[in-house]
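Subject: Handing over the structure

Hi there,

Here is the structure I promised to pass on to you. Please have a look at it first, and then read on for what turned up.

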Amino acid sequence: MTSEVFDVYIAVLIAAIFGIALVAGALIGNLVLSPRQKSEHKGVTYECGMLPIGRSRAQVHFRYYLFAILFLIFDIEAVFLFPWAVSFVELGEQAFYEMVVFIGILAFGLLYAWKKGVLKWR
Amino acid sequence: MTFLLADNVWLDALLRMAIVGMLVPVGVILLTWVERKVIGRLQQRLGPMRVGPYGLLQGVADTIKLLTKEDVRPDSADRPTFELAVFVIVVPVFMAAVAVPFTSDIFVRNMALGLFYFLAVSSLGIVGFVMAGWGSDNKYALLGGVRAGAQLISYEIPLILSAVAIAMLGQSLSLYTLVELQDDTPFIAYQPLAFVIFVIAGLAELYRQPFDIPVAESEVVGGPAVEYSGIRWSMFQMGEFVSLVLISALASLIFLGGWIWPFSADNATWLQVVLMAVKTSAFILFFMWMRATVPRLRIDQLMALCWQILLPFTFLQIIINGLVLVYEWPDWTLTILSGAAAIAMGTLIYRVARRSGVLYQTSGATQRVGSVL
């Protein structure tokens, strides 16, 4: 069993190496084949033809952060739901209602966020 | 595992990945041609016609052009982030391809946690978009990158939870087992609501129209990819097309019965390949059709659709599944409950979309202007 699990993730490792090799190969191919010419304005950031003012380290609105927090909550919930989903029929009624309570609490959290106006994109 | 291409597991994995690695560029070149042709025909144009018969070699010509193009990087860009972003976008796509079986024989690895692994790995690409947006030192790219982050993480949740609904029905996370359970009836018949949510969320995960807010040309001129040129840009394209194929393949595996339905479990290999190819291309063509038909959503509409409509309905689907499976109600109750919920969701989306416009007084009548529908 252990070796079988290991065997599967060997393929994952090789897939990752393959992906890296493919991108690196394409970039090296580009390095060999492409022309290169230095020019004064080539390295200027593209901004529809205007010269950019300042750097782009602009501040990002707070609402992105709130959505990220909400995402974190529900993503962790999903991680808990997967093992439950494949075993709740064997565990029976009790396991189902426990999960209903869990989902209920999180749904209440979503409702609270909704009421507070977090979900409104202003 | 049915057979090994080589005795050694390392060599076997290497050979299988080599086949995938060869198919991917060819597939991507072909798919770009298909997409341009399909969109062209839908807009009553011919699409590419010049290079090769019916423009078939257009993709090859584009690849050569991109490969021989100068690699321009802004002077002020953050070099490591800028260069690594391409890898972070492409590598997870290859890793996700490991878990997706194409027929009962043709797969890289048959994972016991295939569904979970696929969803986990395919969401890694989000980091790449944020990195590309931040590393480019471009205001449009930054905006696009942050939007990509917000959109992709939001739609991740309905996508994952509709997959949870399928896992509940099949009591398994192995894609192989889930397909084998669908020899009579595909899961779409029991889970119409989960199917609709999965397709909408999948479309948003692929950031294709109508969900192309992160890369919208008319808003953020290409989003995170704006500073990438030549072969680097084509890596973005490759990531997008391979995930298009993978999401389509996943949808046909878990909802349409993969290589089995509508025939029996011991189909001949050629029949399995044909079945999967037909189902996967149907999804791909549907995604392309959407691109040519539906106008782009606004970002507030996008977020509202995800958090206020799709997410509560996914919870509803999970509760319905739980009730029916725990109390062992007959299968058709699942169809009816889920179907009714799907119709309710469709009606709700329709009504909200109708309401989104502004009332506008013309001579005599009041008209609604600017609604999504």
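To start with, is Leu175(B) buried or exposed? Leu175(B) is buried, because its relative accessible area is 1% (buried means under 20% relative accessible area, exposed over 50% and partly exposed in between, with a 1.4 Å probe and protein chains only). Leu175(B) sits in helix H7 of chain B (helices are DSSP runs of H or I with at least four residues, strands are runs of E with at least two, and both are numbered from the N terminus). Its C-alpha atom is separated by 56 Å from that of Thr362(B), 187 residues apart along the chain. Ser174(B) is placed in the loop between helix H6 (139–170) and helix H7 (175–180) of chain B, and with 8% relative accessibility it counts as buried.

A word on conventions. This is a predicted model, where local features need pLDDT of at least 70 and side-chain atom pairs count only at pLDDT 80 or more, while totals for chains, interfaces and linings use all residues. Residues are numbered from 1 along each chain as its sequence is written, chains are lettered from A and ligands numbered from 1 in the order in which they are written, and side-chain values use heavy atoms, with hydrogens and water left out.

Now the salt bridges (a side-chain nitrogen of Lys or Arg within 4 Å of a carboxyl oxygen of Asp or Glu). A search of the whole structure finds twelve of them over all chains. In one of them, Glu35(B) pairs with Arg208(B), with the closest N and O atoms 2.4 Å apart. This pair links distant parts of the chain, 173 residues apart: Glu35(B) is in helix H1 of chain B, and Arg208(B) is in the loop between helix H8 (192–205) and H9. Glu35(B) is buried at 5% relative accessible area, and Arg208(B) is buried at 1%.

Glu83(B) and Arg79(B) also form a salt bridge, at 3.4 Å from N to O. They are separated by about one helical turn, because they are four residues apart in helix H3 of chain B. Both belong to a network of salt bridges that also links Asp71(B), Arg73(B) and Arg232(B).

What about aromatic pairs? Rings of Phe, Tyr and Trp (its six-membered ring) pair if their centres lie within 6.5 Å; planes under 30 degrees apart count as stacked, over 60 as edge-to-face and the rest as tilted. The search finds 20 such pairs over all chains. Phe80(A) and Phe102(A) are edge-to-face, because their ring centres are 6.1 Å apart and their planes are at 85°. Phe80(A) lies in helix H2 (residues 62–85) of chain A and Phe102(A) in helix H4 (residues 93–115) of chain A, 22 residues apart. By contrast, Phe82(B) and Tyr228(B) are stacked, with 4.2 Å centre to centre and 5° between the planes. Phe82(B) is in helix H3 (residues 79–97) of chain B and Tyr228(B) in the loop between helix H9 (217–220) and helix H10 (230–254), so the pair ties together parts that are 146 residues apart in sequence.

Happy browsing, and do write back with questions!
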